[in-house]
Amino acid sequence: GSIHRFEGQVSVFNYKDGPTYRCLFPKATAVPNCAEAGVLGTAVGLVGMLQAQEVMKILLETGTVLSGELLVYNCLTATQSKFQFTKKDWPHIDETYFCQTYLKDEKPTETFDNNLLKTGNLLDVREVYEQPRLAIENLIEIPLGELDSVQDNLSKESHYYVFCQSGKRALLAVNKLNELGFVNVVALHTGAAEIAESIITLQVK
């Protein structure tokens, strides 16, 4: 089950060797989180009940299970639609090879160091309400969901060290900036709290 804004989706995967999640969504893509896009609370309850309903049908072996079908419910219009999808034969994935390949293709990450403040700009891609906030001169604050719309305000030749609360959004931001033509961007796996503590230590010294 999934929810995005006013819409919910429900399906059953891997049921009796049926279609999998990958058959419906063959390529992983980044989507806005709840803070960026918003979610209607009742949609969560509706999708949860629909999921429970599918579980009951599977356990009781009755009715038609949503295998190979995607049910989409729109809370604003109170309408629902069903889309069918078929099982695809995907090549066997060797787990070790997949992990090595995936990690190799990831953008490089660095640990925050106070010397970075001398070589480039810190780019904070967290939401404006997330704490702690940092008060330093070469800090740029742009939430991840707004990078596309404000890219013209950034110089593509400058160096940027991207960070967030834990490092995950920083990697997404670096990928997005690379697609937009920025080449001197590096994701920091150091979170905002650790960076703030490091800067305070620097100021005390």
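**Entry 1: ground rules**

I begin with a definition: two strands pair if DSSP finds at least two bridges between them. Helices (H or I, at least four residues) and strands (E, at least two) are DSSP runs, and I number them from the N terminus. I am looking at a predicted model, in which local features need pLDDT of at least 70 and side-chain atom pairs count only at pLDDT 80 or more, while totals for chains, interfaces and linings use all residues. Residues are numbered from 1 along each chain as its sequence is written, and side-chain values use heavy atoms, with hydrogens and water left out.

**Entry 2: the whole protein**

I looked up the elements and found eight helices and nine strands. Next I checked burial, where buried means under 20% relative accessible area, exposed over 50%, and partly exposed in between (1.4 Å probe, protein chains only). Of the 205 residues in the protein, 31% are buried. The accessible surface (Shrake-Rupley method, 1.4 Å probe) comes to about 13200 Å², and 55% of it belongs to carbon and sulfur atoms. For contacts I used heavy atoms within 4.5 Å. Among the contacts with a separation of 6 or more, 68% are between residues 24 or more positions apart.

**Entry 3: the antiparallel sheet**

I remind myself that strands of a sheet pair through backbone hydrogen bonds, either parallel or antiparallel. Here I found an open sheet of four strands in the order β1-β2-β3-β4, with antiparallel pairing. Its edge strands are β1 (2-4) and β4 (79-84), each of which pairs on one side only. Direction ignored, neighbouring strands of this sheet are turned by 20° against each other on average. Helix α3 (residues 41-60) packs on the sheet and touches β1, β2 and β3 (69-74). The direction of α3 makes about 15° with that of β2; for such angles, axes are lines fitted to C-alpha atoms, for helices over the stretch in contact, and the angles run from 0 to 180 degrees between N-to-C directions.

I then followed β2 through its partners. Three bridges join β1 to β2, and Ile3 has Gly8 of β2 as its bridge partner. The hairpin of β1 and β2 has two residues between the strands, and Arg5 takes a positive phi near 55° there. Which residues of β2 are on its covered face? I noted Gly8 and Val10 on the covered face, with Glu7 and Gln9 on the uncovered one.

**Entry 4: the parallel sheet**

The other sheet I looked up is open too, with five strands in the order β5-β9-β8-β6-β7 and parallel pairing. Its edge strands are β5 (109-110) and β7 (139-141), and each pairs on one side only. Helix α7 packs on this sheet, touching β5, β6 (121-124), β8 and β9. The direction of α7 makes about 170° with that of β9. Between β8 and β9 I found three bridges, and Tyr160 has Val185 in β9 as its bridge partner.

**Entry 5: the cores**

In soluble globular proteins, nonpolar side chains tend to be buried together. A nonpolar core, as I use the term, is a set of buried Ala, Val, Leu, Ile, Met, Phe, Trp, Tyr and Cys residues joined through side-chain atoms within 4.5 Å. The largest has 17 residues, and Leu123, Val125, Leu147, Val162, Leu177 and Phe182 touch the most other members. β8 (160-163), α7 (168-179) and β9 (185-188) each supply at least two residues of this core. Which of the elements gives the most? I found α7, with four residues. Apart from this core lies another, of 14 residues, including Phe112, Leu116, Leu188 and Ala192.

I also picked out Leu147, leaving aside its neighbours within four places in sequence. Leu147 is in contact with Leu123, Val125, Ile142, Ala173, Lys176, Leu177 and Leu180.

**Entry 6: two loop residues**

Gly18 is in the loop between β2 (7-10) and α1 (21-24). Is Gly18 buried or exposed? Its relative accessibility is 12%, so I count Gly18 as buried. C-alpha to C-alpha, Gly18 and Lys88 are 9.5 Å apart in space, though 70 residues apart in sequence.

Asn138 is in the loop between β6 and β7. Asn138 counts as buried because its relative accessibility is 19%. Its side chain reaches the backbone oxygen of Gly120 at 2.8 Å. Setting aside residues up to four places away in sequence, I saw that Asn138 touches Leu117, Gly120, Asn121 and Leu122.

Conventions. Polar contact = N/O pair within 3.5 Å; in protein donor to acceptor, adjacent residues only side chain to side chain.
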